[in-house]
Amino acid sequence: MLCGLLLIAQAGCTDEEPPLDTQTMRAVLVDLHLAESRLNADGVVPRLPRDSILVQHNVAPAEFDSAQAYYTRHPDTYHDIYQEVVDSLRAIRGIADSLRDADSNPEQ
């Protein structure tokens with residue numbers, strides 16, 4: 001009986017590896033959100049260029065889908081990744097705002 005319980009407990013404690021490491025997942029998500037924002041800024045709602053973004057990161061579409069499923073099963077890790085995505089997007093926006101301000105107020 002004890003052996004059976006140990007086997008069941010061990011089966012639930014797998015060290016499942018994510019299909020994509022957190023840094024790659026973050027980078028892909030940042031690029032996907034940037035592409036989406038560019039499309040929305042143009043007032044166009046075409047299909048997001050997901051596959052071309054995945055190719056840039058050497059990620060197969062099935063691998064990305066598996067990673068999304070994995071991180072959905074690990075919400076704390078997914079939350080941490082998305083916090084990094086938000087931080088990255090805020091930094092990019094800050095740079096863009098600074099450049100826009102510099103262009104509108106050139107020093108003479």
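Rings of Phe, Tyr and Trp (its six-membered ring) pair if their centres lie within 6.5 Å; planes under 30 degrees apart count as stacked, over 60 as edge-to-face and the rest as tilted. This is a predicted model, where local features need pLDDT of at least 70, side-chain atom pairs count only at pLDDT 80 or more, and totals for chains, interfaces and linings use all residues. Residues are numbered from 1 along each chain as its sequence is written, and side-chain values use heavy atoms, leaving out hydrogens and water.

**Exercise 1.** Classify the ring pairs that involve Tyr78.

*Solution.* Let's start with the count: the structure holds 3 aromatic pairs. Next, Tyr71 and Tyr78 sit 5.9 Å centre to centre with 25 degrees between the planes, a stacked pair. For Tyr78 and Tyr82, the centres are 5.6 Å apart and the planes meet at 65 degrees, so this pair is edge-to-face. Finally, Tyr70, Tyr71, Tyr78 and Tyr82 form one aromatic cluster.

**Exercise 2.** Decide whether Tyr78 and Tyr82 are buried or partly exposed.

*Solution.* Recall the cut-offs: buried means under 20% relative accessible area, exposed over 50%, partly exposed in between (1.4 Å probe, protein chains only). Tyr78, at 16%, is buried. Tyr82, at 30%, counts as partly exposed.

**Exercise 3.** Find which residues of helix H4 (residues 61-73) are buried and what they pack against.

*Solution.* First, Phe64, Ala67, Tyr70 and Tyr71 are the buried ones. Seen down the axis of H4, they fall within an arc of 120 degrees (taken from the directions from the helix axis to the C-beta atoms), so they line one face of the helix. The face turned away carries exposed Ala62 and Thr72.

Notes
Helix = DSSP H or I, 4+ residues; strand = E, 2+ residues; numbered from the N terminus. Expected span 1.5 Å × (residues − 1). Contact = heavy atoms within 4.5 Å.
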